[in-house]
Amino acid sequence: MVESHVEAVDNCPGKHHTHVNPNIRVLIADQDPHFRKKIKSAVANEKDMVLVGECNKGIDVPYLCKQVLPHLVIMDLYLPHSNSVEVTYRICQMTPQTKVLILSDQDDPYVLETIRSGASGFLLKNIDCKQMMEAIRMIAYGGVYIHPIMMGRIVNELRRLSRKEGIFAKVAPYSWQEILTYREMEVLRLMSQGKNNRSISEQLFISEKTVKNHVSKILYKLNVQDRTQAVILAIKYGWVPLI
């Protein structure tokens, strides 16, 4: 039996998205105390973030969110005594301005259900803290952050929906040649297959730094915030075949 742990930290509760307290307010929901300690330490080292609470059971998360009003919840996919899909939905209903970042030890198709329920991101737990802090910032300011390992599942789901519902059938194709270079299009196609920067660099025989530069240019040219939005746009415009 998992002993309940709920803790609210008094860091100006109630001042949600205000000029008085501009820091990103973070709540951690994970049953592993060592992992919570690791994330708490990482958040404490960031000048623009502040920890406002922590708990280890899913049933407590929505109510703690209502109490401390975090900008973002870092939540384990499989918390005790909870259904992460339902918990995500309740968070989005009770505190609509709170974003949810789902964590898991492995690639799990159940993540898609949490995204449907309102989650804005997914990361593997073995990711380094620096990248997690980047994800927190992106999501807190309205973006989406999906680990590359999940990209393949998301693209396949979009393809399934397109066949079933014809969601892209009425969208006129737009020539990628008018916006992207050939190399950028190669990178975008590999992104749609769920490849990370290292895999793309190995396949195209270029450095990871060069891949990162290409990705930045793609996002800028397509006027999107992250890789997921870029891939969805590529599918929408017919640049990535729905096969």
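The model is predicted: local features need pLDDT of at least 70, side-chain atom pairs count only at pLDDT 80 or more, and totals for chains, interfaces and linings use all residues. Residues are numbered from 1 along each chain as its sequence is written, and side-chain values use heavy atoms, with hydrogens and water left out.

Helices here are DSSP runs (H or I, at least four residues), numbered from the N terminus.

Select V211, H214, V215, I218, L219 and L222, the buried residues of α9 (under 20% relative accessible area). Look down the axis of α9: they fall within an arc of 135°, so they line one face. The arc uses directions from the helix axis to the C-beta atoms.

What covers them? Show α7 (182-192), α8 (197-204) and α10 (227-236), which are among the covering elements.

Step into α7 and pick E184. E184 counts as buried because its relative accessibility is 3%. Beyond residues up to four places away in sequence, E184 touches I179, H214, K217, I218 and K221 (contact: heavy atoms within 4.5 Å). A polar atom of the E184 side chain lies 2.9 Å from the backbone nitrogen of T181.

Last stop: N223, which follows α9 and has a positive phi, near 60°.

Notes
Buried < 20%, exposed > 50% of the residue type's maximum accessible area, 1.4 Å probe, protein only. Helix = DSSP H or I, 4+ residues; strand = E, 2+ residues; numbered from the N terminus. Polar contact = N/O pair within 3.5 Å; in protein donor to acceptor, adjacent residues only side chain to side chain.
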